[in-house]
Amino acid sequence: MDMMNILVEERHCPLCKELNRCGAESGDCWCFHTEIPLELQEQIPEELRGKACICQKCVEAFNKH
């Protein structure tokens, strides 16, 4: 995978593939202030773990169930 594809992948939620709107690059993100369930984190493909954020929509949907 080339560098451009990696950057695109990191900007998208690894679960729903929508933009994850991560604000970590600017020093603060909504995800710094919420708990991401371990069961949801385990659904991230191995190659994207620690690289691509789950979006807020997926976290909220998971927490409703």
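Predicted model: local features only at pLDDT ≥ 70, side-chain atom pairs only at ≥ 80, totals over all residues.
Trainee: Which pattern does the protein follow along its sequence?

Mentor: Helices (H or I, at least four residues) and strands (E, at least two) are DSSP runs, numbered from the N terminus. The protein has 3 helices and 0 strands, and read along the sequence the pattern is α-α-α.

Trainee: How many disulfides does the protein have?

Mentor: A disulfide is a covalent bond between the sulfur atoms of two cysteines, and here it is counted as a pair of cysteine sulfur atoms within 2.5 Å. By this rule the count comes to 0 disulfides. Cysteine 31 is in no disulfide, with the nearest cysteine sulfur, that of cysteine 29, 3.6 Å away.

Trainee: Is cysteine 53 buried, partly exposed or exposed?

Mentor: Buried means under 20% relative accessible area, exposed means over 50%, and partly exposed lies in between (1.4 Å probe, protein chains only). Cysteine 31, at 18% relative accessibility, counts as buried, whereas cysteine 53, at 24%, counts as partly exposed.

Trainee: How many residues make up the largest nonpolar core?

Mentor: A nonpolar core is a set of buried Ala, Val, Leu, Ile, Met, Phe, Trp, Tyr and Cys residues joined through side-chain atoms within 4.5 Å. The largest one includes Cys29, Cys31, Leu40, Ile54, Cys58 and Val59. Leucine 40 touches Leu15, Ile54, Cys58, Val59 and Phe62, not counting residues up to four places away in sequence, where contact means heavy atoms within 4.5 Å. The number of residues in this core is 12.

Trainee: Is asparagine 20 buried or exposed?

Mentor: Asparagine 20 is found in the loop between α1 and α2. Leaving aside its neighbours within four places in sequence, asparagine 20 is in contact with Glu10, Arg11, His12, Cys13, Trp30, Ala52, Cys53 and Cys55. With a relative accessible area of 4%, asparagine 20 is buried.

Trainee: What is the phi of arginine 21?

Mentor: Arginine 21 lies in the loop between α1 (3-10) and α2 (38-41), and with a relative accessible area of 66% this residue is exposed. Most residues other than glycine have a negative phi. Arginine 21 is not a glycine, and yet its phi is positive, at about 55°.

Key. Residues numbered from 1 in each chain as written. Heavy atoms only, no water.
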